[in-house]
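The report that follows takes up one protein chain, moving from a single side-chain pair to the fold around it. The sequence and the model are shown here for reference.

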Amino acid sequence: MVELFKYKFQLGCLAILLPLLVAVVIIYPTTEPLILADLLFDGGMALCCLYLMFNIEELKESREIYRILLAASTMMFVANFWDFADELTNVLDSKDIIEDILKAAGFLLFLFGCSQWVKFHKKQCELMSRLAETDPLTGVLNRRALTMRADSLLSGPVPENTIVSVIIFDIDHFKQVNDSFGHQVGDIVLVEIATAVKSVIRKNDYLARLGGEEFVLFLYDTDLHGVKQVAEKIRNCIEQLTISHDGNEITCSVSLGLATSCNPIPGVLEELIGQADNALYEAKSNGRNCWRVADECHNPQEVQI
Ligand SMILES: Nc1nc2c(ncn2[C@@H]2O[C@H](COP(=O)(O)OP(=O)(O)OP(=O)(O)O)[C@@H](O)[C@H]2O)c(=O)[nH]1
């Protein structure tokens with residue numbers, strides 16, 4: 001009901017101003033063109049400001065940015081409408097200076113409000129793209145964002161002989177952590193593990209959470225020797241990690257599957273994830289807390305760095 005009233009009120013305001021503008025054109029056909037143009041301009045500006053005022057009002061957000069824009073559009077509306085009424089009734093001159101000051105102040109405030117709005121909008125866009133790209137629990141990338149990043153990297157010029165690799169790792173017996181300490185502690189463990197892994201990889205390696213307790217790491221320009229070193233670093237750092245919570249000391253281990261490709265084209269990531277997943281399965285069946293390489297799955301070797 002309130003909404004309807006407001007909508008009607010808005011229409012009502014427009015309905016008053018529009019006929020006034022029409023009246024100007026009809027009643028003053030002999031008016032000098034410049035004065036007529038001035039009248040139309042002031043009336044048009046008053047209408048635009050009124051429209052802006054109501055649109056900001058309808059947002060119902062009491063952010064500073066909207067308050068500034070609302071104040072600016074109100075000032076400009078009052079000044080323009082006043083000017084318009086002044087010219088129309090020929091009361092002229094007396095208050096011109098006040099109208100002009102109000103108009104100028106409103107316009108300056110409006111410009112300031114617009115610049116603030118651009119900054120606010122930029123921040124909102126950044127926040128939204130961060131939310132769309134990251135896993136809310138651990139803050140690492142989600143699978144979709146990882147695929148997009150890898151594909152865009154590989155669709156550009158890639159130097160010859162570039163080798164790309166993938167590591168998938170999964171926390172061992174994570175169900176036991178949840179069952180023993182609760183789901184919330186399980187979440188803390190996931191965050192700690194993601195943080196620990198981030199601390200041992202390069203800045204340009206992409207870490208993402210595939211879901212549950214499974215993570216994937218995309219390594220650009222990393223050959224088999226390199227990916228084995230990274231896998232061992234991760235395995236070792238998680239093995240050393242102790243998470244303290246409510247007097248409990250929680251330790252974990254991870255199993256890892258590795259895959260490498262010397263054909264770095266868009267789409268290769270999905271292929272590598274599939275291969276690394278098979279290798280991860282091998283690592284799990286071979287006692288966990290170890291890594292296996294996709295091509296070597298049928299002839300698994302012990303960790304040797
Ligand atoms: N706390 C928490 N637990 C999760 C989340 N996602 C999945 N899980 C749990 O992770 C556990 C995964 O269990 P399983 O798939 O049996 O794997 P596991 O116990 O780690 O055993 P292995 O992988 O074979 O070593 C389940 O208990 C899930 O409920 C999450 O976001 N937070």
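In this predicted model, Glu270 and Arg143 form a salt bridge whose closest N and O atoms are 2.8 Å apart. Glu270 belongs to helix α9 (residues 268-285) and Arg143 to helix α5 (residues 143-155), so the pair ties together parts of the chain that are 127 residues apart in sequence. Glu270 counts as partly exposed because its relative accessibility is 35%, and Arg143, with a relative accessible area of 34%, is also partly exposed.

**Salt bridges**

The structure holds 11 salt bridges, and three of them are set out below.

| Pair | N to O distance | Location |
|---|---|---|
| Glu270 and Arg143 | 2.8 Å | helix α9 and helix α5 |
| Lys103 and Asp83 | 2.6 Å | helix α4 and helix α3 |
| Glu232 and Arg235 | 2.9 Å | both in helix α8 |

The side chains of Lys103 and Asp83 meet at 2.6 Å, N to O, and this pair links distant parts of the chain, with Lys103 in helix α4 and Asp83 in helix α3, 20 residues apart. Asp83 has a relative accessibility of 7% and therefore counts as buried. Glu232 and Arg235, by contrast in setting, lie together in helix α8 (residues 224-240), where they are 3 residues apart, about one turn of the helix; both residues are buried. Salt bridges that share partners also join Asp42, Asp83 and Lys103 into one network.

**Strands and their pairing**

The secondary structure of the chain comes to 9 helices and 8 strands.

Strands β5 (residues 242-245) and β6 (residues 248-251) pair with each other in the antiparallel sense, over 4 bridges. They form a hairpin with 2 residues between them, and Asp246 in the turn has a positive phi of about 50 degrees. His245 has Asn248 in β6 as its bridge partner.

**The chain as a whole**

Of the 305 residues of the chain, 40% count as buried, while the chain exposes about 17400 Å², 60% of which is supplied by carbon and sulfur atoms. Among contacts between residues at least 6 apart in sequence, 69% join residues at least 24 apart.

**Confidence of the prediction**

The mean pLDDT of the chain is 85, and 85% of its residues reach 70 or more. Confidence is highest in β4, at 97, and lowest in helix α1 (residues 2-27), at a mean of 65. Over residues 297-305 pLDDT stays under 50, and for this stretch the model has 15 contacts beyond four places in sequence. Where pLDDT is low, the predicted coordinates should not be read in detail. For the complex, the predictor gives an ipTM of 0.92 and a pTM of 0.71.

Technical notes: Residues numbered from 1 in each chain as written. Predicted model: local features only at pLDDT ≥ 70, side-chain atom pairs only at ≥ 80, totals over all residues. Heavy atoms only, no water. pLDDT = per-residue confidence, 0-100. Contact = heavy atoms within 4.5 Å. Pairing = 2+ DSSP bridges. Salt bridge = Lys/Arg side-chain N within 4 Å of Asp/Glu carboxyl O. Buried < 20%, exposed > 50% of the residue type's maximum accessible area, 1.4 Å probe, protein only. Areas by Shrake-Rupley, 256 points an atom, 1.4 Å probe, with all protein chains shown as cover.
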